[in-house]
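Here is a short briefing on charged side-chain pairs for your next look at this protein. Have the model open as you read, and follow the pairs one at a time.

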Amino acid sequence: MREAHPIEREVGMEYYVSDADGIGGELRVAPEDFRVRELEAFDAAPVDADPGAYANLVVRATLRGWDTNDFAVRLSDALGISRERISWAGTKDKHAITTQLFTVRGGDPDDLPEVRDADVEVVGRAGRDISFGDLAGNAFGIRVRDAQNPESVGEITEQLREFGGVESNDGDDSNDDAPVVGVPNYFGQQRFGSRRPVTHVVGLHVVRGEWREAVLSYVGNPHENEPEETRKARTVVDEEADSADPDWHRALDRMPGYLRYERSMLHRLDEDGAESGDDWRHALEAVPSNLQRLFVNAAQSYAFNRILSERLRRGIPFDKPVEGDIACFADRDAPEGLFRPDTDRLQAVTGRRVDIVGKHCERGRAFVTAPLVGTETELGEGEPGQIERKILSELDLEQSDFDLPGNFESTGTRRAILVRTRMEIEERPLDFEFSLPSGSYATAVMREYTKSGPLDL
């Protein structure tokens with residue numbers, strides 16, 4: 001087990017589980033190097049179905065160089081409708097070729113426009129919007145260019161196969177020759193910020209009720225990986241925050257236009273002042289509701305990563321439970337070949353159930369979990385529960401802290417600590433093909449192979 005990259009350790013990802021040297025190389029040199037196809041759990045009626053009962057037009061779009069949000073805006077503008085009438089299951093990065101479903105409320109196939117670098121196919125009609133819950137997983141095709149140590153691929157794969165611990169294919173006939181590998185189900189760097197990992201810092205302050213610190217961590221707090229103009233603007237924020245009579249208008253003037261969320265917060269501070277915790281909270285609420293939720297989700301994700309790293313440090317297995325764990329069962333309706341946990345079906349692992357739950361885990365029918373802590377999250381017992389409570393104590397968090405106003409509140413859940421996938425690898429060129437359940441990160445897999453920093457991933 002090797003120590004992770006310093007930036008990864010900032011967000012709780014403290015180790016690699018494969019000891020072999022990384023292959024190095026570059027990812028995303030071109031959009032074609034990173035391909036993502038959504039695996040949906042969403043049924044569509046025929047396109048000629050009654051629009052009264054099936055008001056949503058369902059389309060499948062293959063996008064090159066498009067962020068999902070930007071494409072939705074472009075499509076809504078071309079159709080002359082509100083962006084709110086367009087829905088999708090998962091948000092995708094623009095530095096890729098992505099394939100996913102969209103629903104257009106009240107859409108007509110004849111009205112679909114041609115959009116640059118987008119291949120849009122009509123699939124049918126639906127009686128509701130598609131949403132995140134309709135995303136079962138994602139299939140990835142990733143090319144690594146200019147690998148320095150391609151000979152390490154086999155050794156890494158074998159180490160990840162051992163870590164994954166699947167006893168058999170258990171009836172899954174999808175490419176039996178491809179090994180099943182496993183990695184810690186870490187939240188990837190994207191959850192926290194690749195250049196400036198700060199989202200979880202903001203979230204931790206929110207959960208502790210430290211609204212002033214939350215705002216300043218986001219708006220100020222320059223990071224060495226940022227452009228010079230950005231660092232200078234954040235430095236001005238820090239200077240004003242430390243002064244006896246802050247001039248938030250000066251800070252707003254220095255903040256670049258492309259940092260629109262920071263400007264929105266500063267605008268509220270300039271208008272309202274910063275006399276009380278409510279003023280600081282009002283400033284933080286200047287950002288969209290999904291970003292408000294993301295702050296708290298990032299804090300939960302950081303604690304989760306820390307719990308996984310502590311489990312690794314202690315040598316407690318990921319592929320099978322120990323007494324005190326809480327396991328979940330596999331999703332019976334997952335697409336073929338996708339190892340997808342169902343965290344609505346939990347099972348406390350008592351001493352007499354360790355062996356039987358362990359057998360289910362070996363066969364890919366169950367998964368050990370750890371908490372995404374919230375007001376209603378069940379914590380484990382024994383050593384797993386000790387780890388969970390230890391990390392919460394170190395972060396000065398209690399479950400009741402997540403009883404927060406508005407979009408910051410969270411009841412929590414549990415999440416599988418191991419993600420498994422069937423890995424197909426072509427050596428010339430070096431291509432990786434695998435599928436992951438929704439919510440798991442391709443970078444959690446590829447970091448084990450490349451051993452590169454987050455910015456390279």
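**Salt bridges in the predicted model**

Glu310 has a relative accessibility of 8%, so it counts as buried, the limit being under 20%. This comes from a predicted model, in which the count of salt bridges reaches 30. Side chains of opposite charge can pair when their charged atoms come close. A few of these pairs are laid out below.

**A pair in helix 10**
- Glu310 pairs with Arg314 in a salt bridge, at 2.8 Å from N to O.
- Both residues sit in helix 10 (residues 289-314), and because they are four residues apart, about one helical turn separates them.
- Arg314 is partly exposed, with 26% relative accessibility, whereas Glu310 is buried.

**A pair in helix 12**
- Lys390 and Glu394 form a salt bridge through their side chains, with an N to O distance of 2.7 Å.
- Helix 12 (residues 382-394) holds both Lys390 and Glu394, which are four residues apart, about one turn of the helix.
- Glu394 is partly exposed at 44% relative accessible area, and Lys390 is partly exposed at 29%.

- Glu40 and Arg60 make a salt bridge whose closest N and O atoms are 3.6 Å apart.
- This pair links distant parts of the chain, as Glu40 lies in strand 3 (residues 34-40) and Arg60 in strand 4 (residues 56-64), 20 residues apart.
- Arg60 counts as partly exposed, at 26% relative accessibility.

Note on methods: Residues are numbered from 1 along each chain as its sequence is written. This is a predicted model: local features need pLDDT of at least 70, side-chain atom pairs count only at pLDDT 80 or more; totals for chains, interfaces and linings use all residues. Side-chain values use heavy atoms; hydrogens and water are left out. A salt bridge is a side-chain nitrogen of Lys or Arg within 4 Å of a carboxyl oxygen of Asp or Glu. Helices (H or I, at least four residues) and strands (E, at least two) are DSSP runs, numbered from the N terminus. Buried means under 20% relative accessible area, exposed over 50%, partly exposed in between (1.4 Å probe, protein chains only).
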